[in-house]
Every structure is written in structure tokens, then in C-alpha cells.
Amino acid sequence: MDRLKGLPLGRQIVLGAGVLLLIDTFLDWQQVTFLNSHPGQNAWHGFWGIVMCLALIVLLVWTAARAFEVALPVNVPDGLTTLGLSVLIVVFAFIKAITDDAVHWPAWLGVVLAAIMTYGAWLVFSASGETLPNMSMGSSGSSTPPPSGGE
């Protein structure tokens with residue numbers, strides 16, 4: 001427990017909000033009322049939900065492994081991986097909430113928890129000193145192809 005308390009704030013936020021989001025995924029994200037019953041489906045139904053939940057598990061395992069100093073691949077950037085997974089989770093949670101029928105309050109709670117987790121991931125990324133990858137078209141920034149040699 002002392003090890004968890006000693007973690008940087010970003011990792012604490014990612015783990016705390018992530019565990020709460022994982023619990024939230026088992027509540028009814030969709031629910032209808034029919035003849036005094038309330039059938040529903042949790043976040044694990046449908047493409048967006050399955051991908052979101054699997055990415056959440058990967059992020060929680062990744063963050064816990066970093067927190068408990070488990071040996072992980074050296075060439076994988078920690079801050080960028082944490083941020084990328086959390087952005088994927090918040091986007092898929094939002095898409096799931098707006099595209100499903102009969103959305104119930106746990107879906108919106110899930111979106112909020114995913115956003116809080118993404119804030120924690122941003123803190124982890126900022127503290128890592130890493131930078132976002134450069135997405136320019138070429139080294140000079142122009143979209144014209146380089147001249148061909150040998151003419």
C-alpha cells in the first residue's frame with residue numbers, strides 16, 4: 001500500500017479512475033424499462049465496448065507493472081503508451097455512449113472516469129519528458145517528392 005501512495009499523482013489517477021471504470025463497465029450502460037423490469041447490457045457488448053474494455057485492462061496492467069517495477073520492454077515509451085491507451089479508451093467510451101440506444105447513467109459515468117484517467121495519463125506523459133511523434137510528411141515539411149537522381 002505504501003508503494004501505491006508513493007506513486008506520482010498521474011499514475012495514482014490512472015490506477016484509481018481506471019479501477020473505478022473497470023467496475024463501471026459491468027453496470028448496465030444500456031437499459032430499458034419494460035413491464036416493470038429493467039433489462040440492460042453492460043459496456044462489454046458491441047465492438048466499441050469490447051475494444052474499450054480490453055484497452056482498459058491493458059492500460060491497468062501496464063500501469064500496475066510500472067508501479068511495481070516489473071521488467072517491461074525497454075524500447076516501449078511509457079508516457080506515450082499510457083497516453084495513447086487512455087485516449088483510445090475515452091474516445092471509444094464516448095462513441096459507445098452516443099451510438100448506443102437506451103443509454104443509462106453508468107455510460108456517462110464511464111466517459112467521465114475515462115476523461116479523468118486521460119488527465120492522469122497526460123500527467124504521466126508530461127513527467128516522462130517524452131514528446132509526441134512528428135507527423136510531418138517529410139523531413140523538410142513539404143509535400144513535394146524529392147527529386148530523382150540520375151537523369
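**Exercises on helix packing in a predicted model**

Leaving aside neighbours within four places in sequence, Met117 contacts Val14, Ala17, Gly18, Leu21, Leu56, Leu59, Ser86 and Ile89 (contact: heavy atoms within 4.5 Å). The model is predicted: local features need pLDDT of at least 70, side-chain atom pairs count only at pLDDT 80 or more, and totals for chains, interfaces and linings use all residues. Residues are numbered from 1 along each chain as its sequence is written, and side-chain values use heavy atoms, leaving out hydrogens and water.

**Exercise 1.** State which elements the buried residues of H3 pack against.

*Solution.* Buried means under 20% relative accessible area, exposed over 50%, partly exposed in between (1.4 Å probe, protein chains only). Among the buried residues of H3 are Met52, Leu56, Leu59 and Trp62. The partners are helix H1 (2-5), helix H2 (9-24), strand E1 (28-31), helix H4 (78-99) and helix H5 (105-128).

**Exercise 2.** Name the residues that touch the most other members of the largest nonpolar core.

*Solution.* Such a core joins buried Ala, Val, Leu, Ile, Met, Phe, Trp, Tyr and Cys residues through side-chain atoms within 4.5 Å. Of its 28 residues, they are Leu21, Trp29, Met52, Ile89 and Met117. H2, H3, H4 and H5 each give two or more residues to this core.

Key:
Helices (H or I, at least four residues) and strands (E, at least two) are DSSP runs, numbered from the N terminus.
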